[in-house]
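Have the model open and follow along.

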Amino acid sequence: QVQLVESGGGLVQAGDSLKVSCAASGRSIDTFTMAWFRQPPGKEREFVAGITWNGERAEHADAVKGRFTISRENISKMLFLQMNSLKPEDTAVYYCALRYNFVVEIPNQPNEYDYWGQGTQVTVSS
């Protein structure tokens, strides 16, 4: 079992930066693909970024490419999302997720992930 807890969300202005974190507890995370998803108000949950178990490969959604960066520290069981040049359309609840079974490619659908955090709210004002 793995428990995931996000933190670091808040209210910022357009153009600002913010870093959200996800702390894992329970078993080690160093063999699992992890990802960030977000759910804007009134919309479905969407893929933001994913990273392989060893951090060697990452993928970012087109909407955030060049502005957001996913990273991880397996020793400390942490996942991060650095968000720069934030826009009002980035407003959402941000969730971290962990996939239990190994895959070569980084999945981008919510149903491909087995464990989820409770989410952290990020609000970007214009």
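## An arginine over two rings

R45 lies over the face of W116, with 4.8 Å to the ring centre. The ring of Y95 has R45 over its face too, at 3.7 Å from the centre. For a charge to sit over a ring, NZ of Lys or CZ of Arg has to be within 6 Å of the ring centre and within 35 degrees of the ring normal.

Before going further, a word on the model: it is predicted, so to speak of local features takes a pLDDT of at least 70, side-chain atom pairs count only at pLDDT 80 or more, and totals for chains, interfaces and linings use all residues. Residues are numbered from 1 along each chain as its sequence is written, and side-chain values use heavy atoms, with hydrogens and water left out.

## Aromatic pairs

How many aromatic pairs does the structure hold? There are 6, where rings of Phe, Tyr and Trp (its six-membered ring) pair if their centres lie within 6.5 Å; planes under 30 degrees apart make a pair stacked, over 60 edge-to-face, and the rest tilted. Take F32 and Y100: the ring centres are 5.2 Å apart and the planes are at 25°, so this pair is stacked. F32 sits in the loop between β3 (18-26) and β4 (33-39), and Y100 in the loop between β9 (92-99) and β10 (115-116), so the pair ties together parts that are 68 residues apart in sequence. (Strands are DSSP runs of E, at least two residues, and helices are runs of H or I, at least four, numbered from the N terminus.) F32 is buried at 4% relative accessible area, while Y100 is partly exposed at 37%; buried means under 20%, exposed over 50%, and partly exposed in between, with a 1.4 Å probe and protein chains only.

Y113 and W116 meet another way: their ring centres are 6.4 Å apart and the planes are at 70°, so the pair is edge-to-face. Y113 is buried, with 5% relative accessibility, and W116 is partly exposed, with a relative accessible area of 26%. Both rings belong to a cluster that ring pairs build from F37, F47, Y95, Y113 and W116.

## F47 and its neighbours

F47, one of the rings in that cluster, is found in strand β5 (residues 46-51). At 13% relative accessibility, F47 is buried. What does F47 touch, not counting residues up to four places away in sequence? The list is A35, W36, F37, E59, A61, I106, P107 and N108, with contact meaning heavy atoms within 4.5 Å. F47 and D62 are 15 residues apart in sequence, and their C-alpha atoms are 9.9 Å apart in space.

## Salt bridges

The whole structure has 7 salt bridges, each a side-chain nitrogen of Lys or Arg within 4 Å of a carboxyl oxygen of Asp or Glu. One of them joins R57 and E59, where the closest N and O atoms are 3.8 Å apart. R57 is partly exposed at 31% relative accessibility, and E59 is partly exposed with a relative accessible area of 31%.

R67 and D90 meet in a salt bridge at 2.8 Å, N to O. That pair links distant parts of the chain: R67 is in the loop between β6 (58-60) and β7, D90 is in the loop between β8 and β9, and they are 23 residues apart. Buried or exposed? R67 is buried, at 11% relative accessible area, and D90 is buried as well, at 1%. E112 and R99 also form a salt bridge, at 2.8 Å from N to O. E112 lies in the loop between β9 and β10 and R99 in strand β9, so this pair ties together parts that are 13 residues apart in sequence. Salt bridges with shared partners join R38, E46, R67 and D90 into one network.

## Positive phi angles

Two non-glycine residues are worth a look. K77, in the loop between β7 (68-73) and β8 (78-83), has a positive phi of about 55° although it is not a glycine. S85 has a positive phi of about 45°, and is not a glycine either. S85 is in the loop between β8 and β9 and is partly exposed, with a relative accessible area of 41%.
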